[in-house]
Amino acid sequence: MRSHLTRQSLALVRNLGILAHVDAGKTTVTERVLFLTGAVHKRGEVHDGTTVTDYDPQERARGITIFAAAVSCRWDGHRVNLIDTPGHVDFSAEVERSLRVLDGAVAVFDAVAGVEPQSESVWRLADRYGVPRVAFVNKMDRAGADLDAAVDSIRERLHPVPAVVQLPIGSEGAFTGVVDLVGMRALTWTDGGGEMVVSEVPAELRDEVVRRRRVLEETVAERHAAALEEFVDRSRLSAETLRAALRDLTASGDIVVVLCGAAYKNRGIEPLLDAVVAYLPSPLDRPALTGVAGEGRRAADPDQPLAALVFKVQATGTGRLTYVRLYSGTLSKGDAVLDVTGRRTERVGRILRVQADRHTEVEQAVAGDIVALVGLKGAGTGATLSAPDAPILLEAPVSAEPVVSVAVEAERNADTERLARALARAAEEDPSLVVRTDRETGQTLLSGLGELHLEVAIEKIRRDKGVAVAVGRPQVAYRETVVRGVTGFVYRHVKQEGGSGQFAHVVLEVHALTGHLGDTGFVFESAVVGGRVPREYVRAVEAGCRDALAAGPLGGHPVTGLRVVLTDGATHVKDSSEQAFRTAGKLALRDALRASVMALLEPVVELTVTAPEDSVGAVLGDLAARRGRVTDSTARGATVVVTATVPLAEVFGYATRLRSRTQGRGTFTTRAAGYAAAPASASAQ
């Protein structure tokens, strides 16, 4: 089987992801898409553990998506490469790595809950990578479902301009279909989830349909020149003009097309697929990529030199799979490729078209393809693969910093080496997992993005590697920052041990980054005049300062939220060197931090609790005991949604406490909310 695409046929490819909060129904949407397109012959169900994309035993046991899974299908002559992404905050790094290589996305929202915390987080990630989206309001058959309320929450919390292209027919349990406001037709489905029936707009909805079509036309005409011209001339827009304008505005991010349906009952999937094909961009529509150092440009063209990005690495029983997105060029089985990031040349053994946990071997992949490669031994997540004679380095996805750590050790001494290899493999597959050794205790620490993230990683090691692992209590990742810095801090580094010595003289200022506690990052500036410190030595001082950030004076935690200014210095004609100034920068900043007023920071999360009205008092009391600060409380029928900012350390074990306080009826979600000042008692941890 050959996979050969010409440049023209790339217009018929859609690379998209499914994004959502936990339980919004994105995996069900994915399963219905696969069934409807003929990619599978039986509908998979999350509650039955029979889904195609949630194929890992832990995913099926927990009923959630943990690992991003790639699948391919065909619709209306187009090939759709689809990635089902996790919705839980602990696995947001999987979402970010996927978004980096996608051309478009479908954001799924619950018709009752509207925008939820993690849907807001993934929306912001899509903004960061400039990924065009369409929105699908799911679960329109639920009690309390309200399309207009869901659209209002999208507008208010995510700030796009929604272009609603459908009107529901029936509400809640009586939801049977939608009116297509672009084609002005009714689309309905039977109870058995059979074929879509196309008919005229029901008479009782005609006035509302006309009104909403007018709103849609005005929304589009305000933002699209060609549509405005037609609207002024004819006082209306044709369906063809409306579709073309919606496509342009979706690609530019000026509007977000909104559709609705009930995926579990197979209602609304066909028009969603039509919208993916009509409005989301192909690889040809996306701008050409430029290397991070400005070297070269790569357009989606099979005839250009190869440029591909590794976005996922997976260890399987048969070997290592390296998932890549090809941005330009053609890759054939047996080709040599340059790993630009690792500065090594590797050879491609096999190329696989991926269908979740099933694979089909192909001889060739081209620009626009998402495939898995077999045979690459060293290319890790974020690596750029290029033609050996035309290297280019692409921007890698950003890895989130871990905030929770646990001590791990093998229960049997004989398994210690196997555990070390398994931990190294886990960190290779998931760069948001970090393995390190505690300098004081000698314990091996595994750090990740949350309790569940670490729990899943450890369970995977136990299951796949057969290693019995003992796990300590979770500990959060503290940071240190400057409250009040120092100016004119002088440090002289002089070392003489025979032969040429080392000499470096630096003067530093240390400030909080912007004066707001909890701001993260590091900024280095040089105010040296008259060439008293050569440029190459200034860079060395900056490198030394970055070395010093690894351990602060309060408890050896990493330092953040810092601005350092090199104001003066001096050199020696023989003994000064880059190494000497790097050492001086490190030791100078270390001592300057000891002379500064420092504060300990702890990670905090936004905790959203949904609980029955009669349990709200107990929930609020428990949040107060956990040092939580309530920021919002909203009644939704017989339940109340409470949002609070809570230290991450206080969230461990919260699920059990919430169940007992709400008789098992309460639920909660979290999302990272940065860092805040920690109590003095935390410095001993």
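The legends below describe close-up views of a predicted model. In this model, local features need pLDDT of at least 70 and side-chain atom pairs count only at pLDDT 80 or more, while totals for chains, interfaces and linings use all residues. Residues are numbered from 1 along each chain as its sequence is written, and side-chain values use heavy atoms, with hydrogens and water left out.

**View 1. Packing of helix 3 and helix 4.** Helix 3 (residues 92–99) and helix 4 (residues 117–128) pack at an angle of about 30 degrees, and their axes are 10 Å apart. Helices are DSSP runs of H or I with at least four residues, and strands are runs of E with at least two, numbered from the N terminus. Axes are lines fitted to C-alpha atoms, for helices over the stretch in contact, and angles run from 0 to 180 degrees between N-to-C directions. Helix 3 is therefore roughly parallel to helix 4 (angles under 35 degrees count as roughly parallel). Helix 3 contributes Ser92, Val95, Glu96 and Leu99 to the contact, and helix 4 contributes Gln118, Val122, Leu125, Ala126 and Arg128 (contact means heavy atoms within 4.5 Å).

**View 2. A salt bridge between Arg671 and Glu120.** The closest N and O atoms of Arg671 and Glu120 are 3.7 Å apart, in a salt bridge (a side-chain nitrogen of Lys or Arg within 4 Å of a carboxyl oxygen of Asp or Glu). Arg671 lies in strand 37 (residues 667–677) and Glu120 in helix 4, so the pair ties together parts 551 residues apart in sequence. Both Arg671 and Glu120 are buried (buried means under 20% relative accessible area, exposed over 50%, partly exposed in between, with a 1.4 Å probe and protein chains only). A network of salt bridges links Glu120 and Arg671 with Arg124, Asp127, Arg133, Arg157 and Glu606.

View 3. Glu602 and Arg627 meet through their side chains in a salt bridge of 2.7 Å, N to O. Glu602 is buried at a relative accessible area of 2%, whereas Arg627 is partly exposed at 36% and Glu650 is partly exposed at 24%.

**View 4. Ala655 in helix 15.** Ala655 lies in helix 15 (residues 654–661). Its relative accessibility is 32%, so Ala655 counts as partly exposed. The C-alpha atoms of Ala655 and Gly666 are separated by 8.9 Å, with the two residues 11 apart along the chain.

Definitions and conventions. Parallel < 35°, antiparallel > 145°, perpendicular 65-115°, else oblique.
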